[in-house]
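I opened this structure to see how its chains are put together. These are my notes, in the order in which I looked things up.

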Amino acid sequence: MSRRLLTTATARRAVAGLALVGFLTVLGAGAVLGPHHSRSTLDGRSLVTFPPPSTTTLADGTWMTGVESWLNDHIPARTRWLNLHGLLTTQALREPVVDNVLVDDPQGIQLEKPVRLRVPAALATHAAQLGRDVRAAGAPILWVYVPRKEEAFAGRLPPAWHNYLLDTRPAVLRAMAAGGPVLDLSATLSDPARRDGYYWHTDHHWTPAGALAGLDAISAQAKAMGVDIPADDRTYTTKTYAQWYGSTGRKVTAGATRSPDRFAIPQPRTWRAHACVGGVCDRATFVAAKARDSDPYANRYTAFMGGDFGYQRTENLDPAAHGSIILIKDSFGDALATYLAERVKTLITIDERHYRGQDIRKLVAQRHPDLVIVMHNQVSMLGNKQFNSLAWVNVAANAKQLQGAPAGDG
Amino acid sequence: MVFTSAIFLFAFLPAALIAFYLVPPRWRTAPLIVMSAVFYAWGEPVLVVLILATGLFTYWWGRRILTQQADRRRKALLVVGIVVTLIPIAIFKYLNFVLVQLHLQSLADQTHLPLPIGVSFYTFMAISYLIDIYRRRDIGAPSLRAFSGFLTMFPHLVAGPIVRWNHIGPQLVAPRFDPGLFGYGALRVASGVAKKVVLADSLSVVVDGLFVTGDPTSVAAAWTATALYSLQIYLDFSAYSDIAIGLAAMLGVRFHENFNYPYISRSAREFWQRWHISLSSWFRDYLYIPLGGSRVRPALVWRNLIVVWALTGLWHGAAWTFVLWGLYFGVVIGLERSLYGDALARAPRPLQHLYGLLVAVLGWVLFRSTTLHQAGSYYWSMTGLRPDLPRWDPQVGLALDRTWVIAVIGIVLAAGAARPFMDRAERALTRTPAPAPPPAPSATPRSPTGSPTGSAAAREATGTTLTLEPTAERTEPAADQPISTLFAVVIALLVGVLLVVSTAFIVATTYSPFIYFRF
């Protein structure tokens, strides 16, 4: 009897210690023995693999760092832990900001703390050069400025956050103007009555509604320049796919997101434009498989044009479509291009961050487009690190500001 | 390796505990040394040699002092031992600072050395070991293994507390598995980790943002930054001590408490009886008392205070801001002793608390500032007399918006709200009294086991007013108090909840997604 009592008392005293050791051991063992994924949609990257040890890496400590990175990436149920962190931070600790993203906007718009970027002194010179080159090759050029979400919702940012984007916008617009006529979409997309529909709440991009509003404004501007971008008179119906978390939503996780975005896409009965690969034009411009991805953290925005490509040509054989356009763009251009391609016969999109092709003058001379559109938001324009043959922006200094944000889908 | 990293919690700690308890009690220092070496080498694969060499030298030199009978020779050996022990910290921590002061900037740039983790802690432990042997208060470690186990044991390696051989050594002879102590240790570890990763680290993001410009943006910003930093550093440092004490308990070893709710102090002197107790008691026992303590004429008391507190400041870092921070406390404590201590004692208690808190909080400005100019700017801003500075700015609003819940929790904890529960858990689980803080050594004869014995009366006789007395309000745990099933379950659940919450925050610190964000 006394032995049993002793055992019971001992067990009671030990239970907290055993709980701790059990909890830690299960997580550690789970990382080693559990299923290992090689890629994470939440992280948007390949996960770290276990590093092989060597004398050098043991001596300089890089093996240890590698093991820590591996463990950090492979903790069991990692996504759930991250969601719980978001939930605790916002609901229990009442934090309005998570990882420099404002998450407590009443309408659920997530806004990022603006970063200070430098406008290169040579930006205007390079823009002017590009404008001259394009015109010399025989095409008109239109510069389009797309405001970031933080510009459109400037009044909703915390007063403590200085909105550097508003500071640099005039200089960027002036630089663009050196290269030709500029269409500033700021007023259109900042319309308080409509802007909530123009941007995803959990992503930094514009929605199809925003892109279509931008396309209408571009068409009107092009018309004023004597270039006709035909209208698409078909009826577009909105198809809603599964809910998703965009770039900021992935950053703060679902736990800190008020509600995910509905991936609602206006689309015609059939998409008549197709992207070309190796001379065969049969690829969808709107990749429904990506829109249907069951992972709510999957980057669903890449459904537009399949994501960013350095060079992409689309052809539209429908008789209602005519004309050709070269669109030099960042990722905002993907949504726009999906709808623009439905209206023109040939659309060539160039993403300078990935483009490794021929000089722009040769391309224009070869393709004879009706119009060259250069469309950028200022962050992609000033922060780009990979302008090569179109090296009209010197962004080395800004690249430092954006460390950890490698060029990719934008 | 950091206590709050995934690699420590989910890999190293379970492995270390298993390795420790797999071997018989009297051999447990062997896996402890091996695991501690791994722990240290994980972050500093080369500099682990330094701590091992310090251990080797200190043990060997201690034997030499012990076997030497002539007092003068013993003293010479002690001086040499201390000097040699101080060489690593002098080179790695202070050389660069000295060179800069000597206007040898180019040389300083060339000799920029990494600071070995925990060097300030293990150097002081080694010195106290040698001094205790010299004073014939201790016969030292019976073996190199025993001493190395004491000096390198991983719970105290990163951030203390500064433990002493005569307290820890006997416990390491044959540490047994004590389920209650193990459970209590788990509770301390879990609460410490939560305090660090959930509260302190969350505060640090905001505090760093406020201090980043080096110049406050408003009067309110200066006060807010200072107040939040005061909370952050307490939560952070005391959390590390909680974890260290808990880890040691899980290994069957009891450390002294290192923090005792310092922000409820009613004077600067009391603050240092409650803050980083192992450091203040070290300076008391090995510097202040040998200098004469406070039982000398007033001028010498002032000298002693200035020397001790300047060195206390310098111990925290090689910068004038730290030295001034130490001197600030030396002067305030001196003034409390000589000028207004009696008046303060007669003041209403809330005023005394306010005074104690204000002294501590104002001191953190110096501690947090990177330059004297920055500290001056903060102090000047806090007065509200700067004509160019607004009273309030939006940064303050956002900072308070982001931290008010954490601040409330932190203040409640700093005020000791969790103490009744923790004390009850300690009594119920451990069945042994909490170890009293180290007494003054000059009144403490060596016991046969090496454990110190001492009394408040003995300390009074030496005039050791610098540091702590055993706190009156600390309750003595009742012996062999039974623990109910409900309370055991509550403690286990609390440990579980704290670990779940902490894990979420630990995983989040490792999350750095590539989200195509900037473009």
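I began with strand β6 (residues 141-145) of chain A, which is joined to strand β7 (residues 182-184) of chain A by three bridges, the two running parallel. I keep in mind throughout that this is a predicted model.

I looked up one residue pair there: Trp143(A) has Val182(A) as its bridge partner in β7(A). I then checked for pairing with strand β15 (residues 371-376) of chain A and found five bridges to β6(A), again in the parallel sense. In β15(A), Val372(A) is the residue that stands opposite Ile141(A).

How many of the five residues of β6(A) are buried? I found five of the five, so the strand is largely enclosed by the rest of the structure. I also noted the directions: Ile141(A), Trp143(A) and Tyr145(A) point one way, Leu142(A) and Val144(A) point the other way, and all are buried.

**The sheet around it**

At the β11(A) end I looked at strand β10 (residues 273-277) of chain A, which runs antiparallel to β11(A) and is joined to it by four bridges. Val277(A) is placed opposite Val280(A) in β11(A).

**Domains of chain A**

I looked up the division of chain A and found domain 1 (2-92) and domain 2 (115-401). Their C-alpha centres lie 41 Å apart. For the contact between them, I noted 11 residues of domain 1 of chain A and 10 residues of domain 2 of chain A. On the side of domain 1 of chain A that touches domain 2 of chain A, four residues are nonpolar, seven are polar and none is charged.

**One proline of chain A**

I picked Pro96(A), which sits in the loop between α4 (78-92) and β3 (97-98) of chain A. Is Pro96(A) buried or partly exposed? It is partly exposed, because I find 15 other C-beta atoms within 10 Å, and a buried residue would need 20 or more.

I listed what Pro96(A) touches, leaving out residues up to four places away in sequence: Leu102(A), Val103(A) and Asp104(A), as well as Asp401(B) and Arg402(B). I also noted Ala256(A), which is 160 residues from Pro96(A) in sequence and 9.3 Å from it in space, C-alpha to C-alpha.

**Where the chains meet**

**Chain B on its own**

I noted 20 helices and zero strands in chain B. Of its 519 residues, 52% count as buried. Among the contacts in chain B with a separation of 6 or more, 74% are between residues 24 or more positions apart.

The domain assignment gives domain 1 (1-176) and domain 2 (193-419) of chain B, with C-alpha centres 27 Å apart. Their contact takes 26 residues from domain 1 of chain B and 24 from domain 2 of chain B. On the domain 1 side, α1, α4 (71-101) and α6 (119-134) of chain B give two or more residues each; α6(B) has the largest share, five residues.

**One helix of chain B**

Last, I looked at helix α16 (residues 372-382) of chain B, where the buried residues are Tyr378(B), Ser381(B) and Met382(B). They cover an arc of only 100 degrees around the axis, which puts them on the same side of α16(B). In an α-helix, residues three or four places apart point the same way, because there are 3.6 residues a turn.

I checked what the buried residues of α16(B) pack against and found α10 (219-250) and α15 (349-368) of chain B. After α16(B) comes Gly384(B), with a positive phi near 80 degrees.

How values were computed. Residues numbered from 1 in each chain as written. Chains lettered and ligands numbered in written order. Predicted model: local features only at pLDDT ≥ 70, side-chain atom pairs only at ≥ 80, totals over all residues. Buried ≥ 20, exposed ≤ 12 C-beta atoms within 10 Å, placed from the backbone. Arc of directions from axis to C-beta. Contact = placed C-beta atoms within 7 Å. Domains from an automatic or database assignment. Pairing = 2+ DSSP bridges. Nonpolar A, V, L, I, M, F, W, Y, C, P; charged D, E, K, R; others polar.
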